[in-house]
Amino acid sequence: MIVIPGTAYAQARIQSRYGRRADAGVWLKLHNILDLGSFLQAAQQMPLRHWVLGLGLDHSSHEIELTLRHKYRSHVDEVANWMPIEWKQSLRWIKRLVDLPVLQYLVDGGEPLAWMRSDPEIANFIADDPRLCLQAIRQAGNGVMVDSWQKNGSI
């Protein structure tokens with residue numbers, strides 16, 4: 001096994017988390033649950049506990065998605081903090097994966113929806129002019145993404 005200097009701590013933490021992941025049996029049990037309340041109750045007793053804690057039947061689908069996006073972003077930050085300093089920024093770009101469809105929608109001039117405004121990570125990119133949206137995305141440290149979009153003509 002090749003060990004990159006400074007990653008031994010991260011590797012141990014990642015392997016520990018990997019060992020606690022949801023396996024096929026967990027996903028099969030959850031797949032067969034038809035209502036949200038039962039699903040959340042079951043998931044709280046499984047390895048997915050961290051992801052569903054705080055979610056309830058009184059939350060709208062937008063609130064649930066906001067909570068899950070927040071937990072995902074926090075998880076990426078946590079893992080990035082385990083890594084050597086020169087890796088951290090690159091790993092933090094992974095946080096934007098959950099935002100890509102929304103950002104593309106906004107850059108294409110889509111009308112911002114109420115749920116987009118409730119997510120502070122997305123609300124920062126809402127602008128009347130798609131060029132201002134691109135500028136905000138770039139200023140938030142995502143210039144590589146903007147450059148790629150412009151180069152590939154997807155804007």
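Which residues in α7 meet which residues in α10? I started with this pair of helices.

**Ground rules.** I am working on a predicted model, where local features need pLDDT of at least 70, side-chain atom pairs count only at pLDDT 80 or more, and totals for chains, interfaces and linings use all residues. I number residues from 1 along each chain as its sequence is written, and side-chain values use heavy atoms, with hydrogens and water left out.

**Entry 1: α7 and α10.** I listed the contacts, meaning heavy atoms within 4.5 Å. From α7 I noted L100, L103, Q104, L106 and V107; they meet P130, C133, L134, I137, M145 and W149 in α10. I sorted these residues by class: 10 are nonpolar, 1 is polar and none is charged. Here Ala, Val, Leu, Ile, Met, Phe, Trp, Tyr, Cys and Pro count as nonpolar, Asp, Glu, Lys and Arg as charged, and the others, Gly among them, as polar.

Next I took the axes, which are lines fitted to C-alpha atoms, for helices over the stretch in contact, with angles from 0 to 180 degrees between N-to-C directions. The axes of α7 and α10 come within 10 Å and cross at roughly 130°. That makes α7 oblique to α10. The cut-offs: under 35 degrees is roughly parallel, over 145 roughly antiparallel, 65 to 115 roughly perpendicular, and the rest oblique. I recorded the crossing of α7 and α10 as left-handed. Left-handed means that the near helix is turned anticlockwise from the far one by less than a right angle; right-handed means clockwise.

**Entry 2: the cores.** I looked up the nonpolar cores, sets of buried Ala, Val, Leu, Ile, Met, Phe, Trp, Tyr and Cys residues joined through side-chain atoms within 4.5 Å. Buried is under 20% relative accessible area, exposed over 50%, partly exposed in between (1.4 Å probe, protein chains only). The largest core has 16 residues, and L106, M116, I137 and W149 have the most contacts inside it. At least two residues of this core come from each of α7 (100–107), α8 (114–117) and α10 (130–152). α10 gives the most, with 7 residues. Another core lies apart from it and has 11 residues, including L40, A43, L48 and V52.

Entry 3: Is R96 buried or exposed? R96 is buried, at a relative accessible area of 10%. Neighbours within four places in sequence aside, R96 is in contact with L103, E121, F125 and N142.

W93 lies in the loop between α6 and α7 too. I have W93 as partly exposed, at 36% relative accessibility. Not counting residues up to four places away in sequence, W93 touches G141, N142 and V144.

**Entry 4: α5 and α6.** I checked helix α5 (residues 61–82) against α6: their axes come within 8 Å and cross at roughly 160°. The two are therefore roughly antiparallel. Their crossing is right-handed. V76, D77, A80 and N81 in α5 meet K88, L91 and R92 in α6. By class I noted 3 nonpolar, 1 polar and 3 charged residues.

**Entry 5: the whole chain.** I counted 10 helices and 0 strands. Both are DSSP runs numbered from the N terminus: helices are H or I, at least four residues, and strands are E, at least two. Of the 155 residues, 32% count as buried.
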